[in-house]
Amino acid sequence: MHIDARTLPNGSVLEADLCIVGAGAAGISMALEWIGSRHKVLLLEGGGLDYETAMQDLYRGESVGLPYYPLQAARLHYFGGTTGHWAGFCSTLDPIDFEKREWVPHSGWPIRREQLDPFYARAQPLLELGPYEYGADDWQRRDPTLVPLPLDPRVMWTKIWQFSPPTRFGARYRAAVIAAPNVHLYTHANVCELVANESLQSIEGLRVRTLDGKEHRARARYYVLACCSIQNARLLLASNRRTPAGLGNAYDLVGRFFMEHIEIPTGNLALAPSHAAHTKMYALEFGRTKARGELALSAAVQREQRILNATVSLEPGGPDEVAQSTFQWGTPDRLAAMRERDAHGDAGPPAEPPPARAPLFFHLMTRQEQAPNPASRVLLSPERDALDMPRAKLDWRLTALDRRSFRAFYEVMGRELGRRGAGRVRLLDWVTRDEDPWPSTLSGGWHHMGTTRMHENPRLGVVDANCRVHGLGNLYVAGASVYPTGGAANPTLTLVAVSLRLSDHLKRTLA
Ligand SMILES: Cc1cc2nc3c(=O)[nH]c(=O)nc-3n(C[C@H](O)[C@H](O)[C@H](O)COP(=O)(O)OP(=O)(O)OC[C@H]3O[C@@H](n4cnc5c(N)ncnc54)[C@H](O)[C@@H]3O)c2cc1C
């Protein structure tokens, strides 16, 4: 059922068993799970069914840290949320991403990767992905011409990514949501405040406002915030009527630990022509399901080097770049010079004789995990939006560990590819200069994570392992804002899996 909140009489009261705030990837994935259940579900979406400029303006905000995309462009504010312009790159987090790593302060999830596996498998069809298979060997079994690079698995491995069409949740699931008699979708229904009871132990209602000046109230037994990482934090911080720091914020954690994936060109690879057959697996797509391999370091090497997780894609260079490549295997003098450099820790020499043909040339694009950092955060700006809500202010910050990890990753990768005779890696200059500012090519992946992090201890996290806000009996959070660490994989597959897990938990709770 679909109702435009602007058509309701002012002061309407909406009631249900479960109220989901936000109809993006997380909110719609959850709502679909409840279709046909005996429970009434409210799905409150701030935007309309399609893009509207005035709605999108509610997302405008300040950015005061490292250069970042304009906040109103980095997310979408209508039914379907930011899946209206996501790119569809999907992969799973690795088991090491869930571990407490003593060299990564604040790392460690209260759940393990195996606990998410069944939910990852359920998330695959929602995102219109292929089978739940992310091993290079799974894909090679299906197509023997897909041959991963011959890397020592103790050092490096091929991480598989799959590509969603990309699923636009708004278009793909609109009909199913609207046809569901027990799911009541309200559009133009912006939640501006969560109202807690006097003892601050539960939520007793939500203030819902429309741009044409109406104000309604929503009441439910359980509430789920699924508004995306920046909005989830903004809404909790702005719900400060009874407690000045905002709800769920007894330990000043809401909005902190904002994380991105650091996406940045980092180097080049000249792949030996004898390895040309391997490039198919790393090309943009293969097989019936679009997928590709990227290069990653083993968990053992991450531990040994005390670095963050990352993966690297191979973006083919043009023929002229091959001609200009300074890596070509050449004269004995050049090889001797390379060996000299290798003795000082640079990439290792090719084990094979220099090939006669020019190497295949690739740009290396890194997606690296960002170290969780309490100083990297979402705050409230003094400026207010058209609904009188304080706008979001983003202070994105990185640490020395983020920087050092790039260099260590590429040094290991260069040595491994050189040792195997697979190719040679050249780092871009900035990578080797740890002390310099980040280069102008620094960017995030448009992935917002971490502002309501998960931890069993309320002093260290905003939500518990079931995504319930500590201290509030009936308030939950869905989406990447609950990630304590973000790994190197893009966030959406995991956030859908985590939302399905939350949905199962709420079904048991409401049973
Ligand atoms: C250009 C771009 C490319 C991307 N590419 C990828 C990719 O390749 N792979 C990947 O994994 N991820 C990608 N992402 C990220 C991906 O889009 C997000 O991870 C995902 O959409 C987040 O889902 P969500 O449900 O948490 O938030 P959203 O999808 O943003 O949904 C939040 C919903 O809440 C609503 N809402 C907000 N505030 C309120 C309120 N106060 N009241 C009511 N409703 C509200 C919004 O209107 C929206 O519908 C990309 C993002 C961008 C911008």
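## A perpendicular helix pair

This is a predicted model. Helix α3 (residues 113–126) packs on helix α13 (residues 492–510) at an angle of about 110°. Their axes are 8 Å apart. An angle from 65 to 115 degrees counts as roughly perpendicular, and α3 and α13 are therefore roughly perpendicular to each other. Their crossing is right-handed.

On the α3 side, the contact uses Leu 116, Phe 119, Tyr 120, Arg 122, Ala 123, Gln 124 and Leu 126. They meet α13 residues that include Leu 493, Val 496, Leu 500, Arg 501 and Asp 504. By class, this contact has 10 nonpolar, two polar and three charged residues.

## A parallel helix pair

Helix α1 (residues 25–34) and helix α5 (residues 169–179) have axes that come within 11 Å. The two cross at roughly 30°. Angles under 35 degrees count as roughly parallel, so α1 and α5 are roughly parallel to each other. The crossing of α1 and α5 is left-handed.

Ala 25, Ile 28, Ser 29 and Leu 32 are the α1 residues in contact. Their partners in α5 are Phe 169, Tyr 173, Ala 176 and Val 177. The contact of α1 with α5 has seven nonpolar residues, one polar residue and no charged ones.

## Salt bridges

Side chains of opposite charge can pair when their charged atoms come close. The whole structure holds 41 salt bridges. One of them joins Arg 6 to Asp 4, with the closest N and O atoms 2.7 Å apart. Arg 6 is partly exposed, at 33% relative accessibility. Asp 4 has a relative accessible area of 17% and is buried, because the cut-off for buried is under 20%.

Lys 280 pairs with Asp 143, at 3.3 Å between the closest N and O atoms. This bridge links distant parts of the chain, 137 residues apart. Lys 280 sits in helix α7 (residues 279–282), and Asp 143 in the loop between α4 (136–142) and β6 (156–163). Lys 280 is partly exposed, at 36% relative accessibility.

## A strand-to-loop bridge and a network

Arg 242 and Glu 204 form a salt bridge at 3.8 Å, N to O. Arg 242 lies in the loop between α6 (229–238) and β11 (261–271), and Glu 204 in strand β9 (residues 203–209), so this pair ties together parts 38 residues apart in sequence. Arg 242 is partly exposed, at 39% relative accessibility. Glu 204 is partly exposed too, with a relative accessible area of 39%.

Shared partners also build one network of salt bridges, which joins Glu 193, Arg 207, Arg 209, Glu 215 and Arg 241.

Conventions. Residues are numbered from 1 along each chain as its sequence is written. This is a predicted model: local features need pLDDT of at least 70, side-chain atom pairs count only at pLDDT 80 or more; totals for chains, interfaces and linings use all residues. Side-chain values use heavy atoms; hydrogens and water are left out. Axes are lines fitted to C-alpha atoms, for helices over the stretch in contact, and angles run from 0 to 180 degrees between N-to-C directions. Helices (H or I, at least four residues) and strands (E, at least two) are DSSP runs, numbered from the N terminus. Angles under 35 degrees count as roughly parallel, over 145 as roughly antiparallel, 65 to 115 as roughly perpendicular and the rest as oblique. A crossing is left-handed if the near helix is turned anticlockwise from the far one by less than a right angle, and right-handed if clockwise. Contact means heavy atoms within 4.5 Å. Ala, Val, Leu, Ile, Met, Phe, Trp, Tyr, Cys and Pro count as nonpolar, Asp, Glu, Lys and Arg as charged, and the others, Gly among them, as polar. A salt bridge is a side-chain nitrogen of Lys or Arg within 4 Å of a carboxyl oxygen of Asp or Glu. Buried means under 20% relative accessible area, exposed over 50%, partly exposed in between (1.4 Å probe, protein chains only).
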